[in-house]
Amino acid sequence: MSAQVLNRTAKIEARNVAKIYPDAHADGGFHTVLEDFDLDLRSGEFVSLLGPSGCGKSTFLNILAGLETYDGGDVLVDGRHVEGVNSDVGVVFQSYALFPWLTAQKNVEAGLKIRGVPRAERRERAAEVLRTVGLSAAANRLPHQLSGGMRQRVAIARVLAYEPEILVFDEPFAALDAQTREFLQGELLRIWESGRTRKTVLFVTHSIDEAIFLSDRIAVMTQSPGRVKDHIEVDLPRPRTSQSRSSTGFARIRAQVARILEEEVHIGNGDD
Amino acid sequence: MATATTEAVPAEVAIRRPKRPNAFLVKYDRYLYGAAGLLGFLALWWLVINRGLIDSLYLATPQDTVKAFLSGLADGSIPADAGPSIQRAVIGFSLALVAGIVLGILVGSIPAFGKFAEPVLLFFRNLSLLALLPVFVAFLGIDEESKIAIVVWACFWPIFINAVGAVGGVERILINSARTLGAGRLYIFTQVVLPAALPSFFPGIRLAAANAFTALVAAELVGGAQGLGIYINNASYRMQTPQIYAGILTLGLLGVLVNALMAGAERYLTRWQRGLTTR
């Protein structure tokens, strides 16, 4: 019923999403993680979901990926409610989540194997994607023989290989050192911009700079219960390079975002 | 003269050659210690009989045991009894392996299953096998079925209990990432949970392999036509002490072989972990 009145042009629509966890220690025996959470993503848009830790941004990502259920509101992808795992949504996790017993190549092939793609085609496609992420030389190595940055590139390749229309990232670079992080942010943009069709991306992060560098738009979240407090358009020209980071536009947006987040942290602390 | 040379090239004096470890010792270290331990054990065994501390009616000397073992091998009496025993152990162990892992993954990964099964499992997991022997004999007689069933029982529990725990230890995120890749239950079961939990299955599997022969000999002592338990029993009726120990030696050697096979299987199946763990 409610789905019919919703906006048809959006790729992803979230309306009044609520998520409640049972929690014996909290008031009333439950903890509200998300409440009145609204977010739209147009097709081909790169949106970062930015917020303090514990604000529920990863929870929304899991709901969108179908890994968690929600307790109210609507989450739609292409106008259809999310029910269970949607294989059109590819997820890159913070802790890589690679299969440690499979080589980089076989990890990348996994999604294709599940889809019944024949062996030869699978290999060819995996080799191609590994080339895209610059890891051809590491194809036959196991995840634990790779550095953190390389592992995350394999995880990205694994998702790219089966070409989902939507990519979601759950703080993928948070565990990496600063140089590797900046390098991979650049790589991610290069890969995203070079794709045949622009994929719709939802990128969860708590780093302001990362959100600005990557996104078309930043959705800033409130402390718990989490909802989207403000949207900031990032009007920096693409393709973005390391020079973009030192531009005046970048600094202006950073100040703007920081102000919003600062208020949030103050309110959050005041409540406690 | 000597002092003059030292002063002329002080650098050479300062360099101390690193002490190189003895390559032979490094390579054969454990075998040397092992051989010494084994020799000591054999010497002690021989000594207690030779000094008359234990009557050779109860304990055969090492040389008599080996002699009885070799002649048993030569006249085919040991292989004739070991063959059926090995067959029972292998069949029973294999059945328990499949049942233990399949049920272990089911109970371990479906919480409702685990809750239902827990009290029953708690009751059975440590129940003495010997207490159950008469039950097996009553239901299945003293033929192959009851002997194999006893081996299955003895092997099933360690594999199953261990598998339930191992499955619980599989990282949630691996399963989630497989789900987002589009994997169904069967794929997750066979391609994610099984390989992820496999290294943790092995302690249970090795314990089960050791249990297999223990349980089997107990079952064979109840009766039957052929088997190592029966060989030992018959030798004891005939007061053939060396043959008793030859039978025990055969069981011991089989145990060593089984352990080596299990260690090899483990090394092979968890080879992706090399360099990841300290093993």
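How many salt bridges does the structure hold over all chains? The structure, which is a predicted model, holds 22 salt bridges over all chains, where a salt bridge is a side-chain nitrogen of Lys or Arg within 4 Å of a carboxyl oxygen of Asp or Glu. Because the model is predicted, local features need pLDDT of at least 70 and side-chain atom pairs count only at pLDDT 80 or more, while totals for chains, interfaces and linings use all residues. Residues are numbered from 1 along each chain as its sequence is written, chains are lettered from A in the order in which they are written, and side-chain values use heavy atoms, with hydrogens and water left out.

**Charges on chain A**

- Glu109(A) forms a salt bridge with Arg122(A), and the closest N and O atoms of the pair are 3.2 Å apart.
- Because Glu109(A) lies in helix α3 of chain A and Arg122(A) in helix α4 of chain A, the pair ties together parts that are 13 residues apart in sequence; helices (H or I, at least four residues) and strands (E, at least two) are DSSP runs, numbered from the N terminus.
- A patch of positive charge on the surface is formed where Lys106(A), Lys113(A), Arg119(A) and Arg123(A) gather.
- The elements that give two or more residues to this positive patch are α3 (104-114) and α4 (119-132) of chain A, and Arg119(A) is found in helix α4.
- Patches are made of residues with over 30% relative accessible area and no salt bridge, like charges being joined within 9 Å and nonpolar side chains (Val, Leu, Ile, Met, Phe, Trp, Tyr) within 5 Å; accessible areas come from the Shrake-Rupley method with a 1.4 Å probe.

**Backbone details of chain A**

- The peptide bond from Arg238(A) to Pro239(A) is cis, with omega near -5 degrees, and Pro239(A) is found in the loop between β10 (228-233) and α8 (248-271) of chain A.
- Asn16(A), although it is not a glycine, has a positive phi of about 50 degrees, and Asn16(A) is found in strand β1 (residues 10-22) of chain A.

**Annotated regions and domains**

- In an unreviewed entry, UniProt places the feature "domain: ABC transporter" at residues 12-248 of chain A, and over these residues the chain is 31% helix and 27% strand.
- In an unreviewed entry, UniProt places the feature "domain: ABC transmembrane type-1" at residues 82-262 of chain B, where the chain is 88% helix and 0% strand; such annotations may be inferred rather than shown by experiment.
- The domain assignment of chain B, which is automatic or from a database, gives domain 1 (23-54) and domain 2 (63-273), and their C-alpha centres lie 30 Å apart.

Note on methods:
Lys and Arg count as positive and Asp and Glu as negative; His and the chain ends are not counted. The place of a charge is taken as NZ of Lys, CZ of Arg, CG of Asp or CD of Glu.
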